[in-house]
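Have the model open as you read.

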Amino acid sequence: MSEPKGGPFLITNTLTRRKEEFKPLRPPHVGLYVCGPTVYSDVHLGNVRSFLTFDVLYRWLTHIGYTVRYVRNITDVGHLVGDVDEGEDKIAKRARLEQLEPMEIVQKYTNGFHDVMRLFNILPPSIEPTATGHLIEQIEMVKRIIASGYGYEANGSVYFDVPKFAEKHAYGELSGRKIDELLANTRDTEGMDEKRSPLDFAIWKKADPVHLMKWPSPWGEGFPGWHLECSAMSTKYLGQTFDIHGGGMDLKFPHHECEIAQSVAADGHAPVRYWMHGNMLTVNGRKMAKSEGNGFTPEELLTGNHKLLEKGYSAMTVRFFMLQCHYASTLDFSNAALQAAEKGLERLMKAMPLLDRLKAAETDEADIAALEQRCHAAMNDDLNSPVLIAELFEGVRIINSAHDGKLKLTAASIDRLAKLMRAMVHDVLGLKDEGTSAKTDDGALDALVGEFIRMRAEAKGRRDFAASDAIRDRLEVLGIRLKDGKEGTTWERA
RNA sequence: GGUCACGUGGCCGAGUGGCUAGGCAGAGGUCUGCAAAACCUCGUACAGCGGUUCGACUCCGCUCGUGACCUCCA
């Protein structure tokens, strides 16, 4: 494959801070790695936004013809709760609080994570490796880092020697940090006596005797450092250098910076060619985060049972809401914005079934090819889903106008428009019908409502509008809304 | 404190050195017995102050404001 379908695909590479043309290492294959969740508590909406961003990336790469191997890990090793390097690990803490085995915690929240992903129609990755399933690879990587001279053992733990690494390599390149500034900003050095420098980070950590999640290693019983699993697993499944690594902005430093250092130290190669970072979801201007306590669970979202929510919103409403904002911008949550998205999505989704009912004309009054071109251009420009959605509303206008008989389309244009709309709405944006239309209901209800529509038509025929309006009003109360059109009356759920 | 972003019409949010995305809300109109829906028309916004330019919302500087990272975090 020399060129992707529909022209070059540009992405903002956070390593260079520029928009670059995406050229995979081994086309048509693309290696994509995304940092997954740490499974010690419920995922919240902010987490969902990040996984949604890369879901759309995955969908778009696939749509333009690439074969993508998408790896997204599950962090199931208990990393430490507090600052510095002391204290309880997160999973063990949760296990104690919930009185469960650590691996029960891991399973419980992994299941929950998968449920949420399904709810938001986020596709599963090609490989979903766990940190605990790749201890051997991680231990081997620690050995390679020690062998290259950038790792040292101290009291059963192994640390990465950042200042030494920085002498020959660009530590801080991704996050735009300089070693001197980092050193100048170092906070207290308590509990860091094992480290040669406060900038050093653990790649293997000795477990104290009460620690629950620990494994044997050449340095004694312990557990891998937080940054190590991503390096080890991405290398295993995507190679020492691969195409795209994604994650939230907040992972840029230190997590991704450390990943680069580890890979360079262990294998001598920069691991990633294009880094992509999604921005944060905010609430009242503040980042939604577990530590802020301003997040909410999918159940709360659907039911509206949360102090921040005026009402419940469907998963697709939220998905659409997020896609109306570019992934690299912060997106502020608000009820007003969510309600606007709900209305907009409804308009878009209601136009989709009309595609089957358009009547072909001899001439064309809309340029579907140009619309198609603009849709592709939007997504090829750094996944600009807001612009794609704007174009899709142009498609909605065309569909509605044609359906009203105010705009002519040839059979070929109708076919092309239908294919375009379905591909963009369902395949690329991942928006699915949530079953509010009459079409998905069983035939009995449709037949029943049809009977009322007939009765009402008879009343209207007698010009007995009191009777016809009564039928309409009572059905409305029951959640059935009648709509009179040129070709008769249709209904939908109110 | 250091580093880096951002500040767009009532709200949410794209974007560009000159040709005023889109959605929601609002106003008027067409259609309809009425209504709903749909369609058409309407808002000339870009924090403030300077500078560069024939021309800046878009580039540069300063000021103000907000946020993120610097510690686990998507």
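## The domain 1–domain 2 contact

In this predicted model, 32 residues of domain 1 are in contact (heavy atoms within 4.5 Å) with 33 residues of domain 2. Together they bury about 2,900 Å², and carbon and sulfur atoms give 64% of that area; buried area here is the accessible area (1.4 Å probe) that two parts lose on being put together, summed over both. Leu45, Arg49 and Trp60 supply 26% of what domain 1 buries against domain 2, more than any other three residues.

Asp55 forms a salt bridge with Arg319, with the closest N and O atoms 2.9 Å apart.

Which elements each supply at least two residues of the side of domain 1 that touches domain 2? They are strand E1 (10-13), helix H1 (45-63), helix H3 (102-119) and strand E10 (272-278), where helices (H or I, at least four residues) and strands (E, at least two) are DSSP runs numbered from the N terminus. H1 gives the largest share, 12 residues.

## Conventions

Residues are numbered from 1 along each chain as its sequence is written, and chains are lettered from A and ligands numbered from 1 in the order in which they are written. Local features need pLDDT of at least 70, side-chain atom pairs count only at pLDDT 80 or more, and totals for chains, interfaces and linings use all residues, while side-chain values use heavy atoms, with hydrogens and water left out.

Note on methods:
Salt bridge = Lys/Arg side-chain N within 4 Å of Asp/Glu carboxyl O.
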